[in-house]
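Here are my notes on this one, in the order I went through it. Have the viewer open while you read.

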Amino acid sequence: IFIPKNAYDSIHPGDTLISTRKVSAIYLDQPLKRLMTLACLLKPEAKKFGTIFGPISQSAQPEMEGLAKAGGIELKYDFLSKEDNPVSTLKPVVTESELFIAIPDHAILNKAIARWILYLSFQHKIPVIGFSNAYTNAGAIASVYSSPNDIGKQAAEAIAGWVKDGNNSIWDPVYPRYFTLSTNPAVARSLGISLPSDKELYIQFKQKEVMADDK
C-alpha cells in the first residue's frame, strides 16, 4: 500500500512474476477521473483546464485528454523535466486556463514546481486542484487524496475478504476506494468561488462520481 502506480508497474511490468508470486497493491495515486470530477464540481463554468506532465505523468496525457474531451473541456498542457525552466513552461499554460489541475510526478519535480504553480495561478486568479492536503494548505483551492486511514481501511477490508471468503480480487492492483477532500476557503474567497462545507462537498462529489460511472 502507499505505492505510486508507476512504481508498482516498474517492479511488476507483466503478469509472469505476479502469477508465480502473488503480489498486489492499493495505489497511492488517485484516478485522473477523480481530479477532473473535483475540478468540474468547483468551477462548472470553466471550459479550459491546464496541467503539466512530467517524465512519469506524461503517460497519463491520453487519458487526461480523453476525460477532458468527454466533458467538453479544452485541455491546455505542456511537458516539464528537471532540466527545464519551470516558469517559462508553466506560465503560458496557466494564463490560458480557467482552472489548473496538478498531477503528481517525481517527488523532486513535485516540490520544484508546486510553488510556481501556486504563485502563477494566484497571480492570474486561476484556481488549482491539488493531490494532497499540503497542496491545499499551500494555496490550492481543493485537493483529493487518500489518507493513511482511507487506504488502511481498504487494505483491511481486502484482507478480511480474502481470509474469510477466499475473495481473490485482493490480487488485483487497484486505485484507492476511499478518499479525502480538503478545501482552502480563504483562497476560494479571494477567487470569488463559493465553497460548500467539506461534508457537503463530499456528498456532492460522490453523487457526481456515481453519475459519471453510470454513463
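1. Is Gln 30 buried or exposed? Keep in mind that this is a predicted model. Gln 30 is buried, because its relative accessible area is 11% and the cut-off for that label is under 20%. As for where to look, go to the loop between α2 (15-20) and α3 (32-42), which is where Gln 30 sits.

2. The side chain of Gln 30 has polar partners worth a click. Setting aside neighbours within four places in sequence, Gln 30 is in contact with Val 144, Tyr 145, Ser 146, Tyr 175, Pro 176 and Phe 179.

3. Next, a glutamine in a helix. Gln 154 belongs to α8 (residues 148-165). With a relative accessible area of 3%, Gln 154 is buried. A polar atom of its side chain lies 3.4 Å from the backbone oxygen of Tyr 175. Not counting residues up to four places away in sequence, Gln 154 touches Ile 26, Val 174, Tyr 175, Pro 176, Arg 177 and Tyr 178.

4. Met 64, found in helix α4, counts as buried because its relative accessibility is 0%. Beyond four places in sequence, Met 64 touches Leu 32, Met 36, Phe 53, Leu 75, Ile 101 and Ile 103. Phe 49, counted in the same way, touches Met 36, Ala 39, Cys 40, Ile 73, Glu 74, Leu 75, Lys 76, Ser 97, Leu 99 and Ile 101. If you want a distance to check in the viewer, the C-alpha atoms of Met 64 and Ser 81 are separated by 19 Å, with the two residues 17 apart along the chain.

5. Now the surface. Ile 1, Phe 2 and Leu 28 form a nonpolar patch there, with about 260 Å² of accessible area together. Ile 1 is in the segment before α1 (5-11) and is exposed, at 57% relative accessible area. Phe 2 is in the segment before α1 as well, but counts as partly exposed, at 34%.

6. Last, some backbone angles. Which phi value does Phe 2 have? Phi of Phe 2 is near 60 degrees, a positive value in a residue other than glycine. Lys 125 also has a positive phi, near 60 degrees, and is not a glycine either. Lys 125 is found in the loop between α6 (107-123) and β4 (128-130), and at 47% relative accessibility it counts as partly exposed.

Note on methods
Residues are numbered from 1 along each chain as its sequence is written. This is a predicted model: local features need pLDDT of at least 70, side-chain atom pairs count only at pLDDT 80 or more; totals for chains, interfaces and linings use all residues. Side-chain values use heavy atoms; hydrogens and water are left out. Helices (H or I, at least four residues) and strands (E, at least two) are DSSP runs, numbered from the N terminus. Buried means under 20% relative accessible area, exposed over 50%, partly exposed in between (1.4 Å probe, protein chains only). Contact means heavy atoms within 4.5 Å. Patches are made of residues with over 30% relative accessible area and no salt bridge: like charges are joined within 9 Å, nonpolar side chains (Val, Leu, Ile, Met, Phe, Trp, Tyr) within 5 Å. Accessible areas come from the Shrake-Rupley method with a 1.4 Å probe; for residues, only the protein chains shown count as cover. A salt bridge is a side-chain nitrogen of Lys or Arg within 4 Å of a carboxyl oxygen of Asp or Glu. A polar contact is a pair of N or O atoms within 3.5 Å; within protein, one must be able to donate a hydrogen and the other to accept it, and residues adjacent in sequence count only if both atoms are side-chain atoms.
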